[in-house]
Amino acid sequence: MDTLFAPPGERWQPVSPRLCQLRRVVLTFWTGLLGLAGAAAAGLLLGWGYAAAVLAVAAAVFGWGWWVVGRNWRSWGYAERGDDLLVTHGVLFRTLVVVPYGRMQFVDVTAGPAERKFGIAKVQLHTATPATDAEIPGLPPEEAERLRDRLAALGEARAAGL
């Protein structure tokens with residue numbers, strides 16, 4: 001994980017590599033589908049030379065997307081501290097969200113069909129202020145459940161002390 005923007009000295013946890021695999025499968029599906037459909041349409045309407053150009057563009061988009069997905073996946077990380085949770089992500093625009101345990105209202109764990117197939121889940125943190133809401137995608141379900149339970153318990157303990 002790239003911790004250039006993240007505070008040093010923290011024990012940063014990366015997200016699962018299965019998130020990268022899932023996103024690359026989605027990329028492959030959509031660039032393949034749209035590239036072939038575009039090439040067929042261009043070939044039938046304009047000529048097969050244009051179909052080859054459409055396929056070349058689709059291949060370039062696919063290669064660029066493959067690289068971007070890998071960079072984005074490596075940018076995700078989180079660190080649990082005594083009073084708050086840090087979540088960082090982003091490649092071009094780096095984001096660091098600090099979520100105080102006492103401000104958490106509830107924690108969701110979600111996994112759609114594709115996420116379940118790849119064995120990952122997303123933890124969504126909801127706070128009193130939408131600006132401090134955060135999400136951590138690509139966690140193994142066991143880790144997502146552990147984090148949800150820990151954060152909920154810490155949130156209750158901190159809120160009770162207010």
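Colleague: Which residues in α1 are buried, and what makes them buried?

Modeller: In this predicted model, where local features need pLDDT of at least 70, side-chain atom pairs count only at pLDDT 80 or more, and totals for chains, interfaces and linings use all residues, Leu-19, Leu-22 and Leu-27 are among the buried residues of α1. They are called buried because their relative accessible area is under 20%, whereas exposed means over 50% and partly exposed lies in between (1.4 Å probe, protein chains only). Residues are numbered from 1 along each chain as its sequence is written, and side-chain values use heavy atoms, with hydrogens and water left out.

Colleague: What do the buried residues of α1 pack against?

Modeller: They pack against α2 (48–75), α3 (113–118) and β7, where contact means heavy atoms within 4.5 Å.

Colleague: What makes β6 and β7 a pair?

Modeller: Two strands pair if DSSP finds at least two bridges between them; β6 (residues 121–127) and β7 have 4 bridges in the antiparallel sense, so they pair. Gln-124 has Glu-135 in β7 as its bridge partner.

Colleague: Why are β5 and β7 called edge strands?

Modeller: In the open sheet of 3 strands, ordered β5-β6-β7, β5 (104–110) and β7 (134–139) each pair on one side only.

Definitions and conventions. Helix = DSSP H or I, 4+ residues; strand = E, 2+ residues; numbered from the N terminus.
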